[in-house]
Amino acid sequence: MPSKTEKLLSLLDGQPVIPVIKIDDADNAVPLARALARGGLKVIEITLRTPSALESIRRASAEVSEAVVGAGTILDAAQFDQAAKAGARFIVSPGVSGSVLAAAAGSEVPLLPGAITPGEIMTAREAGIDFLKFFPAEQAGGAAFLKALASPFAGIRFCPTGGVSQKNVRDYLSLPNVVCVGGSWVAPDELVKAKDWAAIEALAKEASGLRAV
């Protein structure tokens, strides 16, 4: 599993913000992925929160070669398998479960599982995973809580998601145990529905200029 963690980190290639996007219309998947990639955010997470999610992953993965498309909100092994078959190059789950960890162990697709409590972090660590999603970040205690985790969990790195915005993103990226953040502000629903790809590209450019320490 550590090698898969390094694989996931190499996919990120220093990208400070992972767009976390919900797509209601699969026709928007390709132009949205292209706009984000043009703005410097090639790694994107398409959440399995809509009926169009898997088709959106298929299209973006197949048609946007410059994008690294992942699947989010994976809740069980069946969804893990569906997302991987759709072309997801990484998998994100909101929490840690035995079935998802088992699916990840049998797959070449790296997993970024969510963990917010010391027990969950230890469970992931025992499974060989030291890069975790911290979700929901703001509601769980925010940057101050993550800072407190740095000492007892030296070597564990995080991608905080949930409530991360333009207002507080630098608070998270300034922490030494934060690799990147996940955020939806770079592709808000209203801009996607309006097909305002230029505006989304501009938001992506701004976000890609941020850097973790």
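Contact means that heavy atoms lie within 4.5 Å. Helices (H or I, at least four residues) and strands (E, at least two) are DSSP runs, numbered from the N terminus.

The structure is a predicted model, in which local features need pLDDT of at least 70, side-chain atom pairs count only at pLDDT 80 or more, and totals for chains, interfaces and linings use all residues. Residues are numbered from 1 along each chain as its sequence is written, and side-chain values use heavy atoms, with hydrogens and water left out.

**Exercise 1. Describe helix α10 and state what its buried residues pack against.**

Step 1. Helix α10 covers residues 197–208, which makes 12 residues. From first C-alpha to last it reaches 16 Å, close to the 16 Å expected at 1.5 Å a residue; the expected span is 1.5 Å times one less than the number of residues.

Step 2. Sort the residues by relative accessible area: buried is under 20%, exposed over 50%, and partly exposed in between (1.4 Å probe, protein chains only). The buried residues of α10 are Trp-197, Ile-200, Glu-201, Leu-203, Ala-204, Ala-207 and Ser-208.

Step 3. Seen down the axis of α10, these buried residues fall within an arc of 160°, so they line one face of the helix. The arc is taken from the directions from the helix axis to the C-beta atoms. Ala-198 and Glu-206, on the other side of α10, are exposed.

Step 4. The buried residues of α10 pack against β1, α2 (29–38) and α9 (189–193).

**Exercise 2. Find how many residues of α2 are buried, and what they pack against.**

Step 1. In α2, 7 of the 10 residues are buried, which leaves the helix mostly covered.

Step 2. They are Ala-29, Val-30, Leu-32, Ala-33, Ala-35, Leu-36 and Ala-37.

Step 3. Their packing partners are β1, β2 (43–47), α3 (53–63), α9 and α10.

Step 4. Just after α2, Gly-40 takes a positive phi of about 105°.

**Exercise 3. Describe the largest pocket and its lining.**

Step 1. On a 1 Å grid over the protein atoms alone, a pocket is an open set of points with protein on both sides within 12 Å along at least five of seven lines, and lining residues have an atom within 4 Å of a point.

Step 2. The largest pocket has a volume of about 280 Å³. Of its 17 lining residues, the closest to the centre are Val-20, Ile-21, Arg-49, Gly-183 and Ser-184.

Step 3. The elements giving two or more residues to this lining are β1 (17–21) and β8 (181–183).

Step 4. By class, the lining has 6 nonpolar, 7 polar and 4 charged residues.

Terms used
1 Å grid on protein atoms, 1.4 Å probe; cavity = no way out; pocket = protein on both sides within 12 Å on 5 of 7 lines; lining within 4 Å. Points joined across faces, edges and corners; volume = space filled by probe spheres on them. Nonpolar A, V, L, I, M, F, W, Y, C, P; charged D, E, K, R; others polar.
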